[in-house]
Amino acid sequence: MSGISSTNMLPAEFKRSDRLSLAPPIKNYIATSYAEDPDVYIDDFRNLDALRGDISVPDVHPASLNKLLKYYGQLMYLSSKFPMDEQHIKICFCWYNSFGKDRKSVTSFNVNYEKAAVLFNIGAMYSQLAVSENRATTDGLKRAATYFQQSAGAFKDIQDRLPEWNVPTTSDFQAATLMTLTNFMLAQAQECFWYKAVVDKMKNGIISRLAIQAAEYYDQAFQNATGAAVFPEAWLIQMQIKSNHFRAAAQFRKSQDSLDAGKYGEEIARLHAADSFVKKAMEGSNFKKATQYVQADLKNLQTTLQHSIARAEKDNDIVYMETVPRFETLEAISGANMVKPTPIPDLSSISDIVGPQMFAGLVPFSVHQSVSLYSHKKDAVVSSLVNKLNDASGYYQSTLASLNLPASIEALEQPIGLPKSLLQHSEEVRSQGGSRSLQDTWATIAAVAEKDSTILNEAITALDDEAREDENMRNQFGARWSVPRSADLTSNLRDSAKTYRIKLDAAKKSDSLIGDKLAKHLHFIESLSLTKAELEASIPSSTVSSTLVTKDPNVKNLKAMLDQMSKNMTRRGAVIGDLKGMSASDDIGPKLVEAANKREEIENEALFAQQLQKYDQFQTSIAQLLEEQEKCLATIVEANRLFIDSKQTNGMIQEREQALQNLDNAYKAFREISGNMQEGLKFYTEFQAVLQRFLNNCKDYAMTRGVDKKDQIASLQRSATGMPRPDASGPPLPPRHHQQGPPPPHGNNPNAYPGTWNPNSAPQYSSAPYGQPQYQQHQQQMPQQHQYQQPGAPNPFAGNVQYSSTPVTSMPPSMNPGQQPGYMPYGA
């Protein structure tokens, strides 16, 4: 691009950049600082690199504008998750200056430099789209005015963000350059409004005010450009000529307004003032360096002025004979500003362009920490409520066992054969595989637990071997060994390993309790697994006949209380299910992620307290259930005392009671052990996937460090032999070694965010065994003018400008810019 437009307006040139892949360093960072598998986000990496490649060689087309906006939006999202700078994720962003004599490349590791460069190209794209419009049509004129204002908005946005972004000071990113571009684009937008007024034959007074405002913008841009000292001569010439051009145009139109008002002397004064501005614009050699279109516009105005001056002076000399006032005494023309910079829209208003944010499942560090803290608080609340119910249930069951209930009643009700409840329990145990099923599951848990421990040991060994090798190299080479110490790079991995080890140890303790319970009840569970006939034969029968059961009111009261407590136990099971369901779906992460993306400050404690209020409803339900248990149990104890005092019994009945009670206890133990084992097996299986990812990260780290060490050894050997270092082409690559970052994320739900695991949460069982506490590149070309019309184009006269997100699939036919019909604002 030569910098000289084929029209009477100028666009900004694009900044150029070489293609760049962001994926490798970000993958490395995810693996080490997030403790996740980066391959989970393979599609996001592919799309990000493809988008970066597209914006490095943009075409002048609305579809390319959308790609620039999309990449800019995704950069805003990414910067909230990844610290891309010289201290963390080192990506060498390289861009070539658009302005300046040498247009050299400038590099930076700061992602804000990438944002600024993309935003600069968004402004340049808007200006090129504006220049490519056919401004001989009403729609094209409106679109051009809109594009120029959007271009000004982009450049102003960069200028406003310079202190915050701290980007390298380059010819493109100095305040004077950006102020020049902002005012120049506003000047060209104002010129579009002026020309629209001329075409629409608006009042001369209005046209003059529009013209003087355009002149002000051009003059301000020229002053800024002079200070910047980076703009080509063609730009400076055009700004200076256009400033004088529109001052002349303003005075010409105001002279016509004076003529209409019968102020003939003032008319002549303003015509001469206009003529002096034209002469000023045309003096010297610069005028001949301007584009033919700018020269033609000014010559047309000069011709019009010469005819008007001749006519006005003749009429005044012969007819009006008014005194011609000095120009300095005339009222100044006040500008009518029709333009302003249109800010770059926020991400929410162009979400259909930007699309879903990449790496959405990856949560910022601060959010991970807050989620982990909330999870601990939530778990404490839920565990407290569940334990309260479980402790109460355990107390109730142990009390019944001590009272030999309900076996003592069943033994008398049915002295021969098997009670109906016992037959149902036996059938349930046999249908679930009986004691053999428990033993098989127990063996599987032991095998999976051993595998988990082996994986963790292998990961720790990989870290230890790498650390030992690093220390050996350090001892061998001393201060010449400049590779960072292993201990400075692996603190996160070491912390994770320690946490995982604690988690496995806690799980083994819980396994031990389950194993003890299984051993205690295995014999009676095996009895429940027998056939009906075998089971009946194993239970003593009594020939004692008693009518006491049917007549004793204490028995009737006992059975009523036992039935009421059975319903109470069913209700508390539903409450625990609802409580665990709410806890599983209670994810505070989205709120925290949204706030982090919006850079909003959140008071964690206040948010946590508000979020935890939802669990208050369970406090009331649990209190009612426990109150009912207390009353029922008191009644049961007293009724059972009276029953014992009055019943007739013998040794055979007592043996039958004890046998039935043992089987009832075995049934309850079978259900509890089965639930515990299923939860334990689920824990070890899911945790094995987490440990395997951890092992892969440790091996990747060790392998990468091995490559770094080989490079360091090769460098030391070259230094010893005096061999030169091979030249490297392209921008510098980021270091291979893993960057130090915050601790790995925590969370209660391993499925809450892809690939994360909460290492602080111990395996949970529905109830603790035996009632024990739970463990818890591209040559730029100037655009040609086109007859481009788009239905629903933004209206530059509207108060709010809407950004279209619909890409145009093809460019309209080209038009010869030198043959724009009707572009003759001075009637020449």
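Me: Is Lys-196 buried or exposed?
Reply: In this predicted model, Lys-196 is buried, with a relative accessible area of 14%.

Me: And which side chain does Lys-196 meet in a salt bridge?
Reply: The partner is Asp-200, and the N to O distance in that salt bridge is 2.4 Å. Asp-200 has a relative accessible area of 39%, which makes this residue partly exposed, whereas Lys-196 falls under the 20% cut-off and counts as buried at 14%.

Me: How many salt bridges does a search of the whole structure find?
Reply: The search returns 33 salt bridges. Another one of them joins Lys-156 to Asp-160, where the closest N and O atoms are 3.1 Å apart.

Me: Why are Lys-156 and Asp-160 separated by about one helical turn?
Reply: Both residues belong to helix H5, which covers residues 138-165, and they are separated by about one helical turn because they stand four residues apart in that helix. As a general point, an α-helix has 3.6 residues a turn, so residues three or four places apart point the same way.

Me: Which residues are linked in a network of salt bridges?
Reply: That network is made of Glu-466, Asp-470, Arg-474, Arg-705 and Lys-709.

Me: Switching to rings: how many aromatic pairs does the structure hold?
Reply: There are 23 aromatic pairs in the structure. In one of them, Tyr-500 and Phe-694 have ring centres 5.2 Å apart and planes at 85°, so this pair is edge-to-face.

Me: Where do Tyr-500 and Phe-694 lie?
Reply: Tyr-500 lies in helix H18 (residues 491-528) and Phe-694 in helix H25 (residues 651-721), so the pair ties together parts that are 194 residues apart in sequence. Tyr-500 is buried, with a relative accessible area of 5%, and Phe-694 is buried as well, at 4%.

Me: What sort of aromatic pair do Phe-683 and Phe-687 form?
Reply: Phe-683 and Phe-687 are stacked, with 5.3 Å from centre to centre and 20° between the planes. The two are four residues apart in helix H25, which means that about one helical turn separates them. Phe-683 and Phe-687 are both buried.

Me: Which residues do ring pairs link into a cluster?
Reply: The cluster holds Phe-99, Tyr-113, Phe-120, Phe-155, Phe-173, Phe-184, Trp-194, Tyr-195, Tyr-218, Phe-231, Trp-235 and Phe-246.

Me: Now helix H8, how many residues does that have?
Reply: Helix H8 (residues 233-260) has 28 residues, and its span of 41 Å from the first C-alpha to the last is close to the 40 Å expected at 1.5 Å a residue. H8 is mostly covered, with 20 of its 28 residues buried. Gly-262, which follows H8, has a positive phi, near 75°.

Me: And in helix H23, which residues are buried?
Reply: In H23 (residues 604-612), Leu-607, Phe-608, Gln-611 and Leu-612 are buried. They cover an arc of only 125° around the axis, and therefore sit on the same side of H23.

Me: Back to the surface: which residues form a nonpolar patch?
Reply: Ile-318, Val-319 and Tyr-320 form such a patch, and together they have about 300 Å² of accessible area. Tyr-320 lies in helix H11 (residues 292-320) and is partly exposed, with a relative accessible area of 35%.

Me: Last one, how many helices does the chain have?
Reply: The chain has 25 helices, along with two strands. Of its 828 residues, 52% count as buried, and the chain exposes about 37600 Å², of which carbon and sulfur atoms supply 51%.

Conventions: Residues are numbered from 1 along each chain as its sequence is written. This is a predicted model: local features need pLDDT of at least 70, side-chain atom pairs count only at pLDDT 80 or more; totals for chains, interfaces and linings use all residues. Side-chain values use heavy atoms; hydrogens and water are left out. A salt bridge is a side-chain nitrogen of Lys or Arg within 4 Å of a carboxyl oxygen of Asp or Glu. Buried means under 20% relative accessible area, exposed over 50%, partly exposed in between (1.4 Å probe, protein chains only). Patches are made of residues with over 30% relative accessible area and no salt bridge: like charges are joined within 9 Å, nonpolar side chains (Val, Leu, Ile, Met, Phe, Trp, Tyr) within 5 Å. Accessible areas come from the Shrake-Rupley method with a 1.4 Å probe; for residues, only the protein chains shown count as cover. The arc is that of the directions from the helix axis to the C-beta atoms. The expected span of a helix is 1.5 Å times one less than its number of residues. Rings of Phe, Tyr and Trp (its six-membered ring) pair if their centres lie within 6.5 Å; planes under 30 degrees apart count as stacked, over 60 as edge-to-face and the rest as tilted.
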